[in-house]
Amino acid sequence: MVLPDDTPVDLDAEFRASNIQEVLDKLERELIGLKPVKTRIRETAALLLVDRLRRKLSLSSAAPTLHMSFTGNPGTGKTTVALRIAEILHRLGYVREGHLVSVTRDDLVGQYIGHTAPKTREVIKKAMGGVLFIDEAYYLYKPENERDYGAESIEILLQVMENNRDDLVVVLAGYKDRMERFFQSNPGMASRIAHHIDFPDYSADELYAIAQLMLARNQYRFSPSAEAAFREYVVRRMAQPNFANARSIRNALDRARLRQASRLFERRGAGLTRDDLVTIEAEDFRASRVFSGQAAQGRQ
Amino acid sequence: MMSNPGNRITQGQFSFLPDLTDAQITVQIKWALQHGWALGVEYTDDPHPRNTYWEMFGIPMFDLKDPAGILMEINNCRKTFPKHYIRVMAFNSTRGGESPAMSFIVNRPEKEPGFTLIREERNGRSMGYTVRSYATERPEGERY
């Protein structure tokens, strides 16, 4: 029996009944910035709700292709988001088990004839029901070396990506220009990837927010003067070469912890309190070479 | 045999039932994975009940989370050996177990010729009985 087109549907009730709001809130809280990623996830969640309603009305709802490609500079959160994507897709119900298998070329490609296929198949079997995350995916394809077995691995991946779309989600990640070249030389791979998501560099404000999150997680806090010093630090560091976004911030915080520890150690006779252990002061950042101008000359 | 038309060998679990569908096999594999048992796929063309050790098709699959991967292997085996008996074994490696926990046949040859009873006269008038499959009259690989 086909229902008339004007049958009312309640999307809001479906939304409230699912736990999607919780998933999206958690994502918003724990990941700073990353607007394109969050937008795409929100769209996928909306599709899930609509699919559920369609199924209630006995309309067909084929599972969407979820293979993705993450491109962006170092430290922009590609691997972090891949971990989250596995969990999110599982909670949205698109992926059965929700585990993540993270591999690079070495795990997929063999060293001699006949070695590649079993190796790739083992990895795929382990990833079934979850997400297969291939980091630096462009190394799989080396056209200059004709004895390279990466192409065989790509063939197997292409087949599985097409035939086992319900069982496995593949996420490729890497730097933007190299991934573009990789997709140009592998149109089959490019056409199977439904979502190309770019990870933009973080702004100074976003980096500051990330630093706050990292400190809170490690149970530290900035003193007010340290806050100002850190903001200055971020702006200066961003202008210098080899800036790796969130990773550079993490390194900076680790170095600040070192300096805090040695500062407290110098004063170990005086009365130290819990507050001293927890607070990072401005001098812990001011001591950096970024301020003294030495770092601009490169590593010595 | 009148009580077993088709001469289907009844070795392992579910062997008295009609062939399991892929969906049913998936459910069984899920049960094994939930208990943390390692799964292996084996094949043979010698149906004798005392033939315990069948050939392994690939290595046993430890630490897999999802049945889809194992079903892939089973279908691979079916494509490679369509006329052999193929079974799935789940091995329980915990202390006190250390033995197969599940074993069921997932593929059979189309025609199973059945067994004959071989009688041997021994000292005096005593008889020795043994069972032999009609399939083993031909060499390995040419049986079905």
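Helices α2(A) and α3(A) are roughly antiparallel to each other, a label given to angles over 145 degrees, whereas angles under 35 count as roughly parallel, 65 to 115 as roughly perpendicular and the rest as oblique. The axes of α2 (residues 20-30) of chain A and α3 (residues 35-56) of chain A cross at roughly 175° and come within 11 Å, where axes are lines fitted to C-alpha atoms, for helices over the stretch in contact, and angles run from 0 to 180 degrees between N-to-C directions. Helices (H or I, at least four residues) and strands (E, at least two) are DSSP runs, numbered from the N terminus. From α2(A), the residues A:Ile20, A:Leu24, A:Leu27 and A:Glu28 meet A:Lys38, A:Ile41, A:Arg42, A:Ala45 and A:Leu49 of α3(A), a contact being two residues whose C-beta atoms, placed from the backbone, lie within 7 Å. By class, this contact of α2(A) with α3(A) holds six nonpolar, no polar and three charged residues; Ala, Val, Leu, Ile, Met, Phe, Trp, Tyr, Cys and Pro count as nonpolar, Asp, Glu, Lys and Arg as charged, and the others, Gly among them, as polar.

The model is a predicted one, in which local features need pLDDT of at least 70 and side-chain atom pairs count only at pLDDT 80 or more, while totals for chains, interfaces and linings use all residues. Residues are numbered from 1 along each chain as its sequence is written, and chains are lettered from A and ligands numbered from 1 in the order in which they are written.

Chain A as a whole has 15 helices and seven strands, and its C-alpha atoms fill a box of roughly 80 × 60 × 30 Å, taken along the principal axes. Of the 300 residues in chain A, 31% are buried, meaning that 20 or more other C-beta atoms lie within 10 Å of the residue's own, with 12 or fewer for exposed and partly exposed in between.

The largest nonpolar core has 69 residues, of which A:Ala82, A:Val131, A:Val170 and A:Val171 touch the most other members; such a core is a set of buried Ala, Val, Leu, Ile, Met, Phe, Trp, Tyr and Cys residues joined through C-beta atoms within 7 Å. Helix α4 (residues 78-92) of chain A gives the most to this core, with six residues. Leaving aside residues up to four places away in sequence, A:Ala82 touches A:Phe70, A:Leu100, A:Val131, A:Phe133, A:Val171 and A:Ala173. A second, separate core of 19 residues includes A:Ala226, A:Phe230, A:Leu253 and A:Ile280.

In chain B, four strands form an open sheet in the order β2-β1-β3-β4, with antiparallel pairing, and two strands pair if DSSP finds at least two bridges between them. Because β2 (55-56) and β4 (99-107) of chain B stand at the edges, each with a single partner strand, one side of each is left without a neighbour in the sheet. Strand β3 (residues 85-92) of chain B is joined to β4(B) by seven bridges, and B:Val88 has B:Phe104 in β4(B) as its bridge partner. Helix α1 (residues 22-34) of chain B packs on the sheet, touching β1 (38-44), β3 and β4 of chain B, and its direction makes about 165° with that of β4(B). Helix α2 (residues 67-80) of chain B also packs on the sheet, with a direction at about 5° to that of β1(B). Seven bridges join β1(B) to β3(B), while β1(B) and β2(B) pair over two bridges.

Finally, the contact between the chains takes 11 residues from chain A and seven residues from chain B.
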